[in-house]
Amino acid sequence: PSGQAAMVTGVHHQSDAFYALLQTAGAIATVVILLVIARTAIPRRVLGLLSFVAICAGGIVAGVSPSPWGYAIGFLLIAGFDKMFSIYIRTVRQTVIPPRDYGKTLGVVIMLNNLTQPLAGLLVGLFSGHNRVGLVIVSISLMMGGSGVLALAIDARRRHANKRLSTTPPKA
(Lines give C-alpha, C1' and ligand atoms only; values in the text may rest on other atoms or scores of the structure.)
Protein backbone atom coordinates (compact mmCIF):
# COMPACT_ATOMS: atom_id res chain seq x y z
CA PRO A 1 0.00 0.00 0.00
CA SER A 2 1.05 3.54 -0.67
CA GLY A 3 2.44 5.31 2.33
CA GLN A 4 4.25 2.33 3.83
CA ALA A 5 7.66 3.95 3.90
CA ALA A 6 6.23 7.24 5.17
CA MET A 7 4.44 5.43 8.00
CA VAL A 8 7.21 2.99 8.96
CA THR A 9 10.28 5.18 8.74
CA GLY A 10 8.61 8.57 9.24
CA VAL A 11 5.63 8.38 11.59
CA HIS A 12 6.79 5.33 13.55
CA HIS A 13 10.53 6.15 13.35
CA GLN A 14 11.53 2.60 12.51
CA SER A 15 14.65 1.46 10.70
CA ASP A 16 15.03 0.29 7.13
CA ALA A 17 15.51 -3.20 8.59
CA PHE A 18 12.06 -3.03 10.25
CA TYR A 19 10.60 -1.91 6.92
CA ALA A 20 12.28 -4.84 5.15
CA LEU A 21 11.03 -7.25 7.81
CA LEU A 22 7.52 -5.89 7.37
CA GLN A 23 7.73 -6.39 3.61
CA THR A 24 8.88 -9.98 4.15
CA ALA A 25 6.09 -10.63 6.64
CA GLY A 26 3.58 -9.23 4.14
CA ALA A 27 4.81 -11.62 1.46
CA ILE A 28 4.58 -14.55 3.88
CA ALA A 29 1.04 -13.54 4.92
CA THR A 30 0.05 -13.41 1.26
CA VAL A 31 1.45 -16.89 0.57
CA VAL A 32 -0.24 -18.35 3.67
CA ILE A 33 -3.61 -16.87 2.72
CA LEU A 34 -3.26 -18.09 -0.88
CA LEU A 35 -2.43 -21.59 0.39
CA VAL A 36 -5.52 -21.56 2.60
CA ILE A 37 -7.66 -20.47 -0.36
CA ALA A 38 -6.17 -23.22 -2.53
CA ARG A 39 -6.90 -25.92 0.05
CA THR A 40 -10.38 -24.94 1.20
CA ALA A 41 -13.73 -24.44 -0.44
CA ILE A 42 -14.74 -20.88 0.39
CA PRO A 43 -17.91 -19.60 -1.28
CA ARG A 44 -17.17 -16.74 -3.63
CA ARG A 45 -19.37 -14.26 -1.75
CA VAL A 46 -17.62 -15.09 1.56
CA LEU A 47 -14.23 -14.77 -0.14
CA GLY A 48 -15.09 -11.28 -1.35
CA LEU A 49 -16.69 -10.09 1.87
CA LEU A 50 -13.97 -11.50 4.14
CA SER A 51 -11.15 -10.02 2.08
CA PHE A 52 -12.85 -6.65 1.68
CA VAL A 53 -13.58 -6.31 5.41
CA ALA A 54 -10.03 -7.42 6.31
CA ILE A 55 -8.51 -4.82 3.97
CA CYS A 56 -10.75 -2.04 5.33
CA ALA A 57 -10.03 -3.05 8.92
CA GLY A 58 -6.32 -3.27 8.16
CA GLY A 59 -6.32 0.25 6.76
CA ILE A 60 -8.06 1.63 9.81
CA VAL A 61 -5.77 -0.23 12.24
CA ALA A 62 -2.66 0.85 10.32
CA GLY A 63 -3.81 4.44 10.12
CA VAL A 64 -4.84 4.97 13.74
CA SER A 65 -2.25 2.88 15.54
CA PRO A 66 0.26 4.87 17.56
CA SER A 67 2.51 1.80 17.67
CA PRO A 68 4.65 0.36 14.87
CA TRP A 69 3.38 -3.10 15.87
CA GLY A 70 -0.23 -1.99 15.46
CA TYR A 71 0.67 -0.56 12.09
CA ALA A 72 2.31 -3.89 11.22
CA ILE A 73 -0.88 -5.80 12.05
CA GLY A 74 -2.92 -3.48 9.86
CA PHE A 75 -0.39 -3.71 7.06
CA LEU A 76 -0.40 -7.51 7.21
CA LEU A 77 -4.19 -7.56 6.93
CA ILE A 78 -3.99 -5.33 3.87
CA ALA A 79 -1.11 -7.16 2.20
CA GLY A 80 -2.39 -10.66 2.92
CA PHE A 81 -6.02 -10.19 2.01
CA ASP A 82 -5.35 -8.05 -1.06
CA LYS A 83 -4.56 -11.16 -3.10
CA MET A 84 -7.68 -12.90 -1.77
CA PHE A 85 -9.74 -9.94 -2.97
CA SER A 86 -7.97 -10.09 -6.35
CA ILE A 87 -9.00 -13.73 -6.69
CA TYR A 88 -12.58 -12.81 -5.82
CA ILE A 89 -12.62 -10.01 -8.39
CA ARG A 90 -11.21 -12.28 -11.09
CA THR A 91 -13.85 -14.94 -10.48
CA VAL A 92 -16.61 -12.33 -10.61
CA ARG A 93 -15.21 -10.93 -13.85
CA GLN A 94 -15.33 -14.40 -15.39
CA THR A 95 -19.04 -14.64 -14.66
CA VAL A 96 -19.86 -11.09 -15.78
CA ILE A 97 -17.70 -10.63 -18.88
CA PRO A 98 -18.34 -12.98 -21.80
CA PRO A 99 -15.13 -14.81 -22.84
CA ARG A 100 -15.23 -13.24 -26.31
CA ASP A 101 -15.03 -9.77 -24.71
CA TYR A 102 -12.13 -10.41 -22.28
CA GLY A 103 -9.58 -8.65 -24.48
CA LYS A 104 -11.79 -5.59 -24.91
CA THR A 105 -12.67 -5.15 -21.27
CA LEU A 106 -9.85 -6.50 -19.11
CA GLY A 107 -7.36 -3.91 -20.32
CA VAL A 108 -9.70 -1.11 -19.28
CA VAL A 109 -10.48 -2.78 -15.93
CA ILE A 110 -6.79 -3.27 -15.16
CA MET A 111 -6.02 0.32 -16.16
CA LEU A 112 -8.77 1.68 -13.88
CA ASN A 113 -7.55 -0.52 -11.04
CA ASN A 114 -3.98 0.69 -11.48
CA LEU A 115 -5.04 4.35 -11.55
CA THR A 116 -5.68 4.11 -7.79
CA GLN A 117 -1.98 3.52 -7.09
CA PRO A 118 -0.63 6.88 -8.30
CA LEU A 119 -3.63 8.62 -6.75
CA ALA A 120 -2.92 7.04 -3.36
CA GLY A 121 0.77 7.90 -3.72
CA LEU A 122 -0.14 11.51 -4.55
CA LEU A 123 -2.39 11.79 -1.48
CA VAL A 124 0.27 10.33 0.78
CA GLY A 125 2.90 12.62 -0.75
CA LEU A 126 0.73 15.68 -0.25
CA PHE A 127 -0.05 14.91 3.39
CA SER A 128 3.13 13.15 4.58
CA GLY A 129 4.89 16.42 5.34
CA HIS A 130 2.08 17.38 7.68
CA ASN A 131 2.29 14.11 9.64
CA ARG A 132 -1.19 13.17 8.46
CA VAL A 133 -0.44 9.99 6.53
CA GLY A 134 -2.42 7.97 9.08
CA LEU A 135 -5.42 10.22 8.53
CA VAL A 136 -5.16 9.72 4.78
CA ILE A 137 -5.00 5.93 5.20
CA VAL A 138 -7.99 5.91 7.55
CA SER A 139 -9.95 8.23 5.24
CA ILE A 140 -9.28 6.03 2.20
CA SER A 141 -10.22 2.93 4.21
CA LEU A 142 -13.47 4.49 5.38
CA MET A 143 -14.34 5.63 1.84
CA MET A 144 -13.59 2.12 0.62
CA GLY A 145 -15.78 0.65 3.37
CA GLY A 146 -18.58 3.08 2.60
CA SER A 147 -18.49 2.19 -1.09
CA GLY A 148 -18.62 -1.48 -0.13
CA VAL A 149 -21.65 -0.96 2.10
CA LEU A 150 -23.33 1.00 -0.71
CA ALA A 151 -22.58 -1.81 -3.19
CA LEU A 152 -24.02 -4.39 -0.77
CA ALA A 153 -27.16 -2.29 -0.28
CA ILE A 154 -27.66 -1.92 -4.03
CA ASP A 155 -27.09 -5.65 -4.51
CA ALA A 156 -29.54 -6.52 -1.71
CA ARG A 157 -32.16 -4.22 -3.20
CA ARG A 158 -31.65 -5.75 -6.65
CA ARG A 159 -31.92 -9.28 -5.26
CA HIS A 160 -35.06 -8.38 -3.32
CA ALA A 161 -36.66 -6.87 -6.43
CA ASN A 162 -35.76 -9.92 -8.53
CA LYS A 163 -37.11 -12.25 -5.85
CA ARG A 164 -40.34 -10.27 -5.64
CA LEU A 165 -40.75 -10.37 -9.43
CA SER A 166 -40.12 -14.12 -9.59
CA THR A 167 -42.73 -14.87 -6.87
CA THR A 168 -45.46 -12.55 -8.19
CA PRO A 169 -48.13 -14.58 -10.02
CA PRO A 170 -48.77 -13.50 -13.61
CA LYS A 171 -51.85 -11.34 -14.18
CA ALA A 172 -54.68 -12.92 -16.12
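Author: Helix α4 covers residues 68-96, and its 29 residues should span 42 Å at 1.5 Å a residue; the end C-alpha atoms lie 41 Å apart, which agrees. The model is a predicted one. Along its course α4 bends by about 30° at Phe-81. Phe-81 is also among the buried residues of the helix, together with Ile-78, Ala-79 and Gly-80. Others on that list include Pro-68, Gly-70, Tyr-71, Ala-72, Gly-74 and Phe-75, as well as Met-84 and Arg-93. At the start of α4, a side-chain oxygen of Ser-67 comes to within 3.0 Å of the backbone nitrogen of Trp-69.

Asp-82 and Lys-83 form a salt bridge through their side chains, at 3.6 Å from N to O. Asp-82 is partly exposed, at 33% relative accessible area, and Lys-83 also counts as partly exposed, at 38%.

The salt bridges number four in total. One of them joins the side chains of Arg-45 and Asp-155, with 3.2 Å from N to O. Arg-45 belongs to helix α3 and Asp-155 to helix α6 (residues 133-167), so this pair ties together parts that are 110 residues apart in sequence. Asp-155 is buried, with a relative accessible area of 14%, whereas Arg-45 is partly exposed at 47%. Asp-155 also meets Arg-158 in a salt bridge of 2.5 Å, N to O. Both of these residues lie in α6, three residues apart, or about one turn of the helix. Through shared partners, salt bridges join Arg-45, Asp-155, Arg-158 and Arg-159 into one network. Arg-158 is partly exposed, with a relative accessible area of 43%.

Helix α3, which holds Arg-45, runs over residues 44-64. From first C-alpha to last, its 21 residues reach 30 Å, close to the 30 Å expected at 1.5 Å a residue. Its buried residues include Gly-48, Gly-58, Gly-59 and Gly-63, along with Leu-47, Phe-52, Ile-55 and Cys-56.

On the surface, Val-108, Met-111, Leu-112 and Leu-115 make up a nonpolar patch with about 370 Å² of accessible area together. Leu-115 sits in helix α5 (residues 102-128) and is partly exposed, at 47% relative accessible area.

As for the whole chain, it has six helices and zero strands, in the order α-α-α-α-α-α along the sequence. Of its 172 residues, 28% are buried.

Methods: Residues are numbered from 1 along each chain as its sequence is written. This is a predicted model: local features need pLDDT of at least 70, side-chain atom pairs count only at pLDDT 80 or more; totals for chains, interfaces and linings use all residues. Side-chain values use heavy atoms; hydrogens and water are left out. Helices (H or I, at least four residues) and strands (E, at least two) are DSSP runs, numbered from the N terminus. The expected span of a helix is 1.5 Å times one less than its number of residues. The bend at a residue is the angle between axes fitted to the seven residues ending there and the seven starting there. Buried means under 20% relative accessible area, exposed over 50%, partly exposed in between (1.4 Å probe, protein chains only). A polar contact is a pair of N or O atoms within 3.5 Å; within protein, one must be able to donate a hydrogen and the other to accept it, and residues adjacent in sequence count only if both atoms are side-chain atoms. Patches are made of residues with over 30% relative accessible area and no salt bridge: like charges are joined within 9 Å, nonpolar side chains (Val, Leu, Ile, Met, Phe, Trp, Tyr) within 5 Å. Accessible areas come from the Shrake-Rupley method with a 1.4 Å probe; for residues, only the protein chains shown count as cover.
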